[in-house]
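Biologist: Before we discuss this assembly, I would like each label to be set against the rule behind it. Please show me the sequence and the structure.

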Protein chains: 4
Amino acid sequence: MDPAGPEEAVAASAARNRNWGRWGDDDVLGTLNFIDDAKRAHAARLVRRGAAFSLSQRFDMNGPQKGWRRRTNPVHTMLDTGVDAALGNQGFPHGIGGADDVIAMPLQCSTQWDGLGHIFDHGRAWNGRPAEKVVTSEGDQVTGIETAAAAITGRGVLLDVGRALGTDGELPDGFAITTEHLAATIARQGGTARVGRGDIVCVRTGQLTRARRDGWGDYAGGAAPGLSFTTADWLHDTEIAAVATDTWGFEVRPNEFDHAFQPLHQVAIPNIGLFIGEMWDLDALAADCASDGVYEFQLVAAPLPITGAVGSPVNPIALK
Amino acid sequence: MDPAGPEEAVAASAARNRNWGRWGDDDVLGTLNFIDDAKRAHAARLVRRGAAFSLSQRFDMNGPQKGWRRRTNPVHTMLDTGVDAALGNQGFPHGIGGADDVIAMPLQCSTQWDGLGHIFDHGRAWNGRPAEKVVTSEGDQVTGIETAAAAITGRGVLLDVGRALGTDGELPDGFAITTEHLAATIARQGGTARVGRGDIVCVRTGQLTRARRDGWGDYAGGAAPGLSFTTADWLHDTEIAAVATDTWGFEVRPNEFDHAFQPLHQVAIPNIGLFIGEMWDLDALAADCASDGVYEFQLVAAPLPITGAVGSPVNPIALK
Amino acid sequence: MDPAGPEEAVAASAARNRNWGRWGDDDVLGTLNFIDDAKRAHAARLVRRGAAFSLSQRFDMNGPQKGWRRRTNPVHTMLDTGVDAALGNQGFPHGIGGADDVIAMPLQCSTQWDGLGHIFDHGRAWNGRPAEKVVTSEGDQVTGIETAAAAITGRGVLLDVGRALGTDGELPDGFAITTEHLAATIARQGGTARVGRGDIVCVRTGQLTRARRDGWGDYAGGAAPGLSFTTADWLHDTEIAAVATDTWGFEVRPNEFDHAFQPLHQVAIPNIGLFIGEMWDLDALAADCASDGVYEFQLVAAPLPITGAVGSPVNPIALK
Amino acid sequence: MDPAGPEEAVAASAARNRNWGRWGDDDVLGTLNFIDDAKRAHAARLVRRGAAFSLSQRFDMNGPQKGWRRRTNPVHTMLDTGVDAALGNQGFPHGIGGADDVIAMPLQCSTQWDGLGHIFDHGRAWNGRPAEKVVTSEGDQVTGIETAAAAITGRGVLLDVGRALGTDGELPDGFAITTEHLAATIARQGGTARVGRGDIVCVRTGQLTRARRDGWGDYAGGAAPGLSFTTADWLHDTEIAAVATDTWGFEVRPNEFDHAFQPLHQVAIPNIGLFIGEMWDLDALAADCASDGVYEFQLVAAPLPITGAVGSPVNPIALK
């Protein structure tokens with residue numbers, strides 16, 4: 001991999017890993033096609049104790065966003081409050097009072113799925129479609145996140161690379177997780193950590209743990225541990241359905257080329273057709289997995305079906 | 001029940017069904033406490049075929065809201081598009097392009113959970129707390145929906161009252177579903193439709209089917225089929241964890257008193273501590289249940305953990 | 001004018017009235033260039049009594065928008081309130097309390113200016129620039145409304161066509177105001193109503209008066225009185241700086257071709273370089289003008305300088 | 001003035017300067033009542049050259065806000081773009097294309113007016129009204145900024161304290177401008193700088209100049225030059241209509257008491273009934289005034305008439 005040649009590296013990786021046409025010309029689900037009824041039924045059987053974990057950060061103003069690309073933190077405001085109700089300002093009969101609220105937020109502001117319309121490769125969206133016919137100012141006309149409303153649930157696997165290979169459970173910023181690191185983590189975690197077709201792989205780096213302790217700093221877009229560009233083949237060959245991390249951008253930052261911007265995204269989303277989860281909070285789940293040695297679980301990570309959205313906030317639920 | 005006396009009827013029902021203190025002074029989950037690990041584990045075992053159903057409407061401008069109480073439909077706009085990417089306007093290296101988006105919406109605009117801070121009874125919120133100390137302009141300081149992030153998953157039961165008792169699967173607007181109607185529906189649907197502690201009950205009236213066919217009309221706040229005020233005791237005594245309907249407001253409209261506004265909410269939320277789902281799309285699930293005769297399923301209905309929110313949009317996933 | 005041939009009619013009118021290059025290749029102000037210091041100084045001298053009129057509708061949920069093209073009415077919410085302050089919820093010292101608020105709105109939702117980036121003619125923006133280089137997802141890179149921040153103030157002239165030619169002061173929906181109608185109105189109103197270089201012309205149809213009385217109905221996009229397509233030459237030849245009406249769309253609707261959409265906009269904005277004001281409330285000013293027979297005034301109609309905006313809400317102030 | 005006693009100092013100043021009842025019990029305009037037709041007519045006569053200055057900062061993401069009290073910078077997004085138009089994605093006839101946009105912003109995010117409902121003193125709003133009856137979650141029911149739609153135009157006076165008393169035209173952060181400083185500035189600037197009844201006084205500190213050069217830093221809420229608490233009497237006794245500065249908060253910060261928050265606001269808004277402008281960009285106007293020695297001008301600073309708003313963004317226009 002030539003650090004000076006992202007263009008060539010991306011092209012070569014995209015050519016090796018491209019899934020265009022694999023599920024027909026009309027496909028909108030990409031690698032989510034690897035999840036079928038049997039896998040969902042199997043995933044449900046992984047629930048033994050009945051413990052439930054939310055893998056979502058809280059959505060509020062105290063998030064990591066700093067305004068880059070107009071990405072703010074969520075702004076949540078009240079239309080009516082208990083204070084108004086208590087003072088009898090609401091005009092409702094028989095003592096009923098109410099509170100209502102509103103939110104304004106970028107869909108990529110916190111725990112989220114990148115949809116297939118989120119990234120393009122030389123003007124091509126997933127399945128080779130022209131980007132300009134897919135995502136216009138009216139939104140994603142083809143692969144809007146609403147098409148995946150029921151599709152993102154199955155077997156989840158946690159790869160806690162931070163705990164396996166890091167210091168005090170955390171990888172340093174700039175640490176590029178390679179295929180070898182993933183394999184070592186799986187080996188260390190044991191049989192429940194095997195990864196295969198249709199799985200939703202959750203990679204914990206520990207960066208969110210650090211941000212929670214030390215402050216956000218440049219969590220949103222700065223240096224971070226993450227997947228190496230070279231894992232594109234692993235992401236493709238394992239036939240996983242989706243991947244998620246506890247970082248802003250899933251792949252290592254700074255990126256591994258001299259002048260680049262999220263090159264693994266460019267292979268993964270429009271070429272592999274892979275759904276990517278970002279800013280997931282894997283800490284409570286990871287502590288539980290470390291405790292009982294079981295790294296697989298049922299995962300239900302349903303996006304909000306916002307018509308035409310290229311991503312969605314999500315509250316993923318892991319059940320063990 | 002005296003149609004002229006909602007104040008007295010609400011007070012009497014609230015007194016009979018009030019759960020304040022049942023789970024301690026600090027409780028924030030209300031009837032969600034009825035769901036425990038055993039029930040979640042049991043719910044997972046209901047997944048047999050691995051079929052997944054989204055119970056969410058799509059979130060977009062073509063929704064039912066008309067502006068009442070400043071409730072608009074969601075406004076989804078793009079920060080970057082494939083069109084910009086195709087024309088090379090984005091300034092990114094090595095051929096990568098991207099699309100980003102933003103949403104502004106009331107949290108009660110479409111498929112949603114009412115949180116425990118959504119309704120008050122004479123200035124009292126859930127567990128008897130003063131409304132003005134719970135929901136201020138900064139949001140719900142105590143029972144914000146984020147406290148239920150991992151809590152709303154368990155056994156779902158569909159009561160398809162529309163199909164059981166309606167015409168062509170639909171109840172007319174103004175039809176008040178009584179305890180007897182619920183019992184008749186359960187009896188007709190058979191053993192998988194029994195309702196008990198910790199269940200999440202989904203009541204289909206067919207109104208959404210009608211709105212989808214005939215246009216929204218006054219779906220958002222107008223006449224609708226729904227639960228009778230008299231079902232408050234059933235909602236309490238069955239010890240269900242939550243209830244959801246395919247209508248705007250869960251209870252029958254016009255309300256069953258001469259001058260009233262959502263009196264069943266006033267008993268259910270602040271007094272019983274019950275989570276209420278509204279505007280759920282139960283049609284595909286209902287067709288499946290009618291087909292295989294199985295009315296129970298695993299339900300994962302995780303709210304977005306918006307700090308301090310009194311409700312949340314949700315994409316509930318039913319797995320059979 | 002062939003009703004079946006809007007394409008040809010627009011092309012011919014655009015060719016006759018095009019001002020491209022008139023103020024240099026870098027121009028961003030279009031016809032606002034007709035206003036110079038002398039005209040602004042003259043306009044100030046029109047203020048005799050010192051009476052001030054706001055020509056803006058109120059911005060709130062009770063506006064005409066119905067969601068077409070995601071145009072909602074403004075949503076104004078509070079971040080803090082007097083209710084919170086009164087109950088001591090705010091945590092401020094020495095008895096100070098505060099209220100703050102937020103707004104979300106389309107820039108074209110109510111009384112507004114159309115900027116030069118609002119409309120294109122066959123992919124060309126004002127001055128012949130390629131539309132795709134001018135208005136991207138990041139906004140208007142060239143003619144954003146902020147470039148006109150100080151530029152829209154000068155002599156205003158009211159042409160009260162509704163009062164001059166209508167019934168009870170109102171023109172019916174579908175009434176196309178022609179150059180002859182404008183001339184007749186000017187003649188009737190007298191010397192203060194003459195129109196010339198650099199003037200900002202306010203045309204009152206009376207439709208807003210009607211909407212205020214009868215309800216919005218289809219005010220936002222439905223049938224309306226307005227300028228005939230044939231007035232394009234008048235708009236050009238008079239060398240006015242801007243024009244504004246009390247209607248949603250400035251030109252008559254239905255448009256005067258069999259299949260068309262706002263053809264006068266297509267000539268006026270990208271070709272003439274004309275600023276268009278819409279949904280102005282001219283009623284109070286018109287009553288005053290009818291009363292004292294003076295139809296000219298100083299007008300300060302400053303847009304909010306939102307970087308890259310293709311339009312702006314405005315509160316125009318007329319001083320007589 | 002005891003630095004340990006803001007409570008007492010505020011109470012004493014409020015008692016001295018309170019205008020409650022001065023313009024009747026129903027008054028909503030406060031000190032704007034000092035502007036009458038004669039003053040507006042006089043102001044127009046101050047326009048000699050016809051030069052126009054916008055006193056507004058640009059509204060965009062690159063503003064000073066950092067999220068405190070959920071105050072973000074404006075988020076401006078496009079509903080349609082020239083890029084879409086160029087690629088023929090819009091579906092309009094005869095070659096017309098269009099761009100539309102949306103904004104979401106706190107009303108106090110940039111150049112703005114504080115309305116009379118913005119600040120309370122011990123639960124009392126302007127004119128002695130109970131804060132909880134004035135500003136509820138539905139907005140300011142009494143003194144909403146829309147009531148001042150036509151009212152904020154008159155004679156403006158620039159007091160360039162930065163140039164008169166600062167170094168290189170700038171006062172340092174923490175510099176408290178006293179009545180003596182104001183008098184010295186007026187004396188230095190000469191006869192056109194006299195201040196009297198009904199004037200709108202613009203005080204330039206130079207902090208915005210510094211922020212523009214050095215970056216925002218803590219412009220939004222941090223240390224700043226500004227009016228001393230002790231100027232409350234001057235603000236009252238001069239009978240000015242309004243005051244505006246180039247800083248975030250108008251008064252000096254840190255405030256002049258050990259533990260305080262904007263104590264001058266507490267006297268000025270609810271007690272004096274004074275309109276306060278903040279974050280105005282006075283630099284271009286100030287350069288012109290320094291050049292020609294004329295510090296008075298016509299000022300039209302019309303707020304957007306947002307129903308129930310406690311403030312408003314504004315693009316003030318000064319005409320000389």
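Modeller: Buried here means under 20% relative accessible area, exposed means over 50%, and partly exposed lies in between, with a 1.4 Å probe and protein chains only. Helices (H or I, at least four residues) and strands (E, at least two) are DSSP runs, numbered from the N terminus. This is a predicted model, in which local features need pLDDT of at least 70 and side-chain atom pairs count only at pLDDT 80 or more, while totals for chains, interfaces and linings use all residues. Residues are numbered from 1 along each chain as its sequence is written, chains are lettered from A and ligands numbered from 1 in the order in which they are written, and side-chain values use heavy atoms, with hydrogens and water left out.

Biologist: Why is helix α9 of chain C called largely enclosed?

Modeller: Ten of the ten residues of α9(C), residues 263–272, are buried, so the helix is largely enclosed by the rest of the structure. Among them are Pro263(C), Leu264(C), His265(C) and Asn271(C). After the helix comes Gly273(C), with a positive phi near 80°.

Biologist: How do you know whether one face or both faces of β15(A) are covered?

Modeller: In a regular strand the side chains alternate between the two faces of the sheet. Glu296(A), Gln298(A) and Val300(A) lie on one side of β15(A), Phe297(A) and Leu299(A) lie on the other, and all are buried, which leaves both faces covered.

Biologist: What makes β9(A) and β15(A) a pair of strands?

Modeller: Two strands pair if DSSP finds at least two bridges between them. Strand β9(A), residues 153–160, is joined to β15(A) by five bridges in an antiparallel arrangement, with Gly156(A) having Phe297(A) as its bridge partner. Strand β17(A), residues 317–319, also pairs with β15(A) in the antiparallel sense, over three bridges, and there Ala318(A) stands opposite Leu299(A).

Biologist: Which strands pair between chain A and chain B?

Modeller: β6(A), residues 119–121, and β3(B), residues 96–98, run antiparallel and are joined by three bridges, with Gly98(B) opposite Ile119(A).

Biologist: What makes Arg71(A) and Asp100(B) a salt bridge?

Modeller: The rule asks for a side-chain nitrogen of Lys or Arg within 4 Å of a carboxyl oxygen of Asp or Glu. The closest N and O atoms of Arg71(A) and Asp100(B) are 2.6 Å apart, and the pair therefore meets the rule. Across the interface of chain A and chain B the rule finds four salt bridges, whereas across that of chain A and chain D it finds zero.

Biologist: What are the corresponding values for chain A and chain D?

Modeller: There, 18 residues of chain A contact 18 residues of chain D, and the buried area is about 1,500 Å², of which carbon and sulfur atoms give 52%. Met61(A), Arg70(A) and Ser137(A) supply 34% of the area that chain A buries against chain D, more than any other three residues.

Terms used:
Contact means heavy atoms within 4.5 Å. Buried area is the accessible area (1.4 Å probe) that two parts lose on being put together, summed over both.
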